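Visitor: I have a few minutes before my next run. Can you walk me through this one?

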Amino acid sequence: MAKQMLLDAYRGKRTQKPPWVPYAGVHCAFLINEPADKMLKDPELLAKGVVNAAQRYKADGIPLVFDLSVEANAVGCDLKWWADNVPSVTNHPCSDKTPAEAGLQLPTQDSGRWPVLFQAAKIAKPQLEELDCALMGLFCGPLTLASHLAGVRIFTDVYKHPDFAAEVCKFAGEIGATSAEFYAEMGCDIIANVDPVASQIRPETFKEYVTPNCQAATKVIHDAGITSSFFICGDATKVMEEVCQVGTHGFAVDEQMNMNFIRDLARKYGVGFGGNLKLTLALSLGLLSSREDAIVSLAAGGQHGYTFAPG
Amino acid sequence: MADKITIDVVTLDSVQCAACGYMMESIAALPDDVQEMIEYTEWSIKNKDGIGKFMELGVQVLPSICIERDIVFPSIIPQYEELIDEMAKRAPSEAMKDRIESLRDVGFQFDKIQENLAKAGAGLATRTDSKVKK
């Protein structure tokens, strides 16, 4: 396990070998024979699950949680819990009003599930340090959080009601900056802005609504001397130039992206990149050989700014 | 001739994947009058039924919305009006086409999303041995 090697790769530097991050998420619960909902509500179980997964997979870094409902829940969205999945957001307080009209306030360390995360990080961090494994803090990016707040209408509003969309996305970006502060205080070594729905929009929409609303959080992370990243899911091909220029030290993509394309783009912009083991087709369903898939990823990624990880 | 428009949303998993979730919500948040004219299902490729549908429809990227078997929104979460227009184009009768087009200015409706998602089986077939209920 090699935390420094991971930090170097995330910052686009050369490494002796590609570091490795299992974005284990609720799989951590499966590994300790606990339901996902129970683990996510219990700081001791969460810490146990994360440390266990880090040990089992000999990880160079591991997220505390991979759960994009934390921010929404901390400002008042309700959740539906699942025994084998992350919680889902069930209501949208800004579906017919702005965040200010809905009376939404920036979260504090006591809001929603943040106390559980602070406590879990306190337990897990020293154990991960001993393992030389980075603790990663992942927060919900501006467009995904805007979707949680306003619902699917946000994708229509960016064209039909741009002032409304801008207000919701701006508030989402401020919440992201608050999360980044919290993760910095927990001692996270890497903090990532995770905005999966940002792959489902046009590049000009990304530039207008995502890029500006990532800046406050990135500044918090960089001012604290911490390594930053931007995670995106799905077929993000059309917005990858924007992702490379969002201002973080690097980015991570999922299994739908072509790794040679991603590598060349990351090198062009001098940023780190990670992914994109075929989580579904190989690791989950076994339709492809996970060994061959890993070799393809490793060959494409190389030892220059690349982190070996599921997509 | 079918009396409803068939919509297939092919996803990774609408609970785990936010993009998939909001693709599903774009259909589940259509107003009541539109809901009466459509039949939709989530096909997660975490199970064999979903993989079968992925192959059958020729889907290239996830998530994708297919209307009447046409891949209409691949990796693009649609605007309300875009959805209405694409459904109207594929309506099985002129009467239904006119009725859908008359709802172009209504907009999304958020009070029955959970109920509608449950009807579509959203999030309920995400294990490798899950069966998609039609």
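This is a predicted model: local features need pLDDT of at least 70, side-chain atom pairs count only at pLDDT 80 or more; totals for chains, interfaces and linings use all residues.

Visitor: OK, chain B. How many helices and strands?
Guide: Six helices and four strands. Along the sequence, the pattern reads β-α-α-β-α-β-β-α-α-α.

Visitor: And how compact is chain B for its length?
Guide: As compact as a globular protein of that length, because the radius of gyration is 14 Å and the globule rule gives 14 Å for 134 residues. The C-alpha trace spans about 40 × 30 × 25 Å along its principal axes.

Visitor: How much of chain B is buried?
Guide: Buried residues are 49% of the 134.

Visitor: What share of its contacts comes from residues 24 or more positions apart?
Guide: Counting contacts in chain B with a separation of 6 or more, 66%.

Visitor: In what order do the strands of chain B sit in the sheet?
Guide: The order is 2-1-3-4, in an open sheet with mixed pairing. Strand 2 (38-44) and strand 4 (70-74) of chain B each have a single partner strand, so one side of each has no neighbour in the sheet. From one strand to the next, the twist averages 25°.

Visitor: Take strands 1 and 3 of chain B. Parallel or antiparallel?
Guide: Antiparallel, over four bridges. Strand 1 of chain B covers residues 5-11, and strand 3 covers residues 64-67. One bridge pair there is B:Asp8 with B:Cys66.

Visitor: What lies across that sheet?
Guide: Helix 1 of chain B, residues 18-28, lies across strand 1, strand 2 and strand 3. Helix 1 runs at about 170° to strand 1 of chain B.

Visitor: Back to strand 3 of chain B. How does it pair with strand 4?
Guide: In the antiparallel sense, again over four bridges. The two strands form a hairpin with two residues between them. In the turn, B:Glu68 has a positive phi of about 50°.

Visitor: Pick a residue from strand 3 of chain B for me.
Guide: B:Ile65 is in that strand. In strand 4 of chain B, B:Phe73 stands opposite B:Ile65.

Visitor: Is B:Ile65 buried or exposed?
Guide: Buried, because 26 other C-beta atoms lie within 10 Å, and the cut-off for buried is 20 or more.

Visitor: Which residues does B:Ile65 touch?
Guide: Leaving out residues up to four places away in sequence, B:Ile65 touches B:Ile7, B:Val9, B:Met23, B:Val72, B:Phe73 and B:Pro78.

Visitor: Switching to chain A. What is the strand order in its sheet?
Guide: Seven strands form an open sheet in the order 1-4-5-6-7-8-9, with parallel pairing. Strand 1 (61-63) and strand 9 (306-310) of chain A stand at the edges, so each has one side without a neighbour in the sheet. Neighbouring strands are turned by 25° on average, direction ignored.

Visitor: Strands 5 and 6 of chain A: over how many bridges do they pair?
Guide: Five, in the parallel sense. Strand 5 of chain A is residues 190-194 and strand 6 is residues 227-231. A:Ile191 has A:Ser228 as its bridge partner in strand 6 of chain A.

Visitor: Which strands does helix 9 of chain A touch?
Guide: Strand 4 (134-140) and strand 5 of chain A. Helix 9 covers residues 162-186 and makes about 165° with the direction of strand 4 of chain A.

Visitor: Now the largest nonpolar core. Which members touch the most others?
Guide: A:Val50, A:Val168 and A:Phe251, out of 151 residues. Helix 9 of chain A gives the most to this core, with eleven residues.

Visitor: And what does A:Val168 touch?
Guide: Not counting residues up to four places away, its contacts include A:Cys94, A:Thr98, A:Pro99 and A:Ile154.

Visitor: Last topic. How many residues of each chain are in contact with the other?
Guide: 27 residues of chain A and 26 of chain B. On the chain A side, helix 7 (142-150), helix 8 (154-160) and helix 14 (279-284) each supply at least two residues. Helix 8 of chain A gives the most, with three.

Visitor: What classes of residue make up the chain A side?
Guide: Ten nonpolar, 15 polar and two charged residues.

Technical notes. Residues are numbered from 1 along each chain as its sequence is written. Chains are lettered from A and ligands numbered from 1 in the order in which they are written. Two strands pair if DSSP finds at least two bridges between them. Axes are lines fitted to C-alpha atoms, for helices over the stretch in contact, and angles run from 0 to 180 degrees between N-to-C directions. Two residues are in contact if their C-beta atoms, placed from the backbone, lie within 7 Å. The radius of gyration is taken over C-alpha atoms; the globule rule is 2.2 Å times the number of residues to the power 0.38. A residue is buried if 20 or more other C-beta atoms lie within 10 Å of its own, exposed if 12 or fewer, and partly exposed in between; C-beta atoms are placed from the backbone. Ala, Val, Leu, Ile, Met, Phe, Trp, Tyr, Cys and Pro count as nonpolar, Asp, Glu, Lys and Arg as charged, and the others, Gly among them, as polar. A nonpolar core is a set of buried Ala, Val, Leu, Ile, Met, Phe, Trp, Tyr and Cys residues joined through C-beta atoms within 7 Å.
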